Amino acid sequence: MKKIKVFDVRVDEKQALQQWIERHQDEVEVVLTTDSFGGEHLTQLEDIDGISISQTTTFNDEYYPILTENGIYHIAQRSAGFDMYNLVAATASGVKISNVPSYSPQSIAEFAVTRTLALVRHTHRIDRNVALQDFTWDLAVQGRTVESLKIGVLGTGRIGSRVAKIFKGFGAKVYAYDIAPDPTLEGIVTYVDTLEALVKDIDVLTLHIPGSPENKYVVDEKILEQAKPGLFVINTARGIVLDTEALIRKLDDGTVAAAALDTYENEGAYFKNDWTNKPLGDPILSHLLERDDVIVSPHVAFYTDEAVQNLVDIPLDDVLSYINKHTAENIVNP
C-alpha cells in the first residue's frame, strides 16, 4: 500500500485528518508528525510516496534533488501561499508544488471587513480603556460609519470580490484595481486603471493579491504617498506585498491613520508559535505590537472550521492524485 507522510500537523487539524484517513483507508496509509520538514527527514523517505507540508519559512533549495532521488516528485503545501518555495529550483529538479488556492475565501473576506470595522470604530481602544475602567468619551474613540467610506480593493479575485460585495452591502462606495477586472462585479465596484489612481481618494485600502515575487512591495512608500491623510490599511493577503518599514513611516507622518495586519513579511518564525514571555528577535514586529495605531493578528483571517477542513482535504487529495496519476489539480509550477 502507498504511504503519505504529513508534516507540521497541528492539533486543530487532527479531526479533519482522521476523517480523510478513514475515507481512504483502503487506498493509502497516512503517517502524521508534528515535525516541520527539515534536512534530517531526507533520509527517512525510503517507504514514503508523497508528502504534505505546512511550510512557513523558506524551503531549502538543496532538498529538491534529494527528494527526487527518494522518489518524491510532489509537495502538497497546506496553504494558499507558496512563496516559501523557489519554483524555478523545484521545477529544475522535477518537483511539483501544489497549494490550496481557495480554502475559504469567505472567511478571509469577513475578517478583512471585521478588521476594518475595528479600525474605523476604534474597538481595540475602547476595549483597552474599559479594561482599565476608563469609560470616558473622547475623539480617540469617535468613529465613522462604513457607509460614509470610500473603500479601495486591491485585487478582486476569490477573496477581494467577496470583500467588495460585503462593503457594498454596508452602503460604502467601493473602488478596485485589478490587472484582470471582473465583469460580474459591475454595479458593485468602480474599477480604476492604476494602483496610484486607486489610493488617491479612498479611506480604506484592503489588499487581496497573491504573494508572488512580482508583487513584492507592490504597496510601497511611493504608493502610500499618493493617499490623502488618514488612510486605513488592511492586509489579509501576504506580508510581502506591503513594505512594512514604509508603512511605519507613513503611520508616523499621518498619511496612514491605522493599519490592521494579519500577515507580516517576516512572520515565519513567529506566527503560529507561542512566544509568551520570550524576547522577539524582530525589532520591526516588536515595534508594530507596541503601536496603538496597528492591530496585528497571527495570520488567522482564514481560520474557521470550513477552512481547516479544506486545508486538509484538498492537499491530501492532490497527494493521492499525484501518486496514482502523476498529476494533481492545484499544481503551481506545471
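A nonpolar core is a set of buried Ala, Val, Leu, Ile, Met, Phe, Trp, Tyr and Cys residues joined through side-chain atoms within 4.5 Å. I keep in mind that this is a predicted model.

**Entry: the core.** I looked up the largest nonpolar core and found 29 residues in it. I noted which members touch the most others: Leu154, Leu205, Leu207, Val219, Val233 and Leu247.

**Entry: Leu207.** I left aside neighbours within four places in sequence. Leu207 is then in contact with Leu154, Val219, Ile234, Asn235, Thr236, Ala237, Val241 and Leu242.

Entry: I turned to the loop between helix 5 (123-131) and strand 6 (150-154), where Phe135 is found. Is Phe135 buried or exposed? Phe135 has a relative accessible area of 60%, so I file this residue as exposed, the cut-off being over 50%. Together with Ile126 and Val130, Phe135 makes a nonpolar surface patch of about 280 Å².

Asp134 sits in the loop between helix 5 and strand 6 too. Its relative accessible area is 30%, so I call Asp134 partly exposed. I found a polar contact of 2.7 Å between the side chains of Asp134 and Thr136. I also checked Asp134 against Lys250, 116 residues apart along the chain. Their C-alpha atoms are separated by 29 Å.

Notes. Residues are numbered from 1 along each chain as its sequence is written. This is a predicted model: local features need pLDDT of at least 70, side-chain atom pairs count only at pLDDT 80 or more; totals for chains, interfaces and linings use all residues. Side-chain values use heavy atoms; hydrogens and water are left out. Patches are made of residues with over 30% relative accessible area and no salt bridge: like charges are joined within 9 Å, nonpolar side chains (Val, Leu, Ile, Met, Phe, Trp, Tyr) within 5 Å. Accessible areas come from the Shrake-Rupley method with a 1.4 Å probe; for residues, only the protein chains shown count as cover. A salt bridge is a side-chain nitrogen of Lys or Arg within 4 Å of a carboxyl oxygen of Asp or Glu. Helices (H or I, at least four residues) and strands (E, at least two) are DSSP runs, numbered from the N terminus. Buried means under 20% relative accessible area, exposed over 50%, partly exposed in between (1.4 Å probe, protein chains only). Contact means heavy atoms within 4.5 Å. A polar contact is a pair of N or O atoms within 3.5 Å; within protein, one must be able to donate a hydrogen and the other to accept it, and residues adjacent in sequence count only if both atoms are side-chain atoms.
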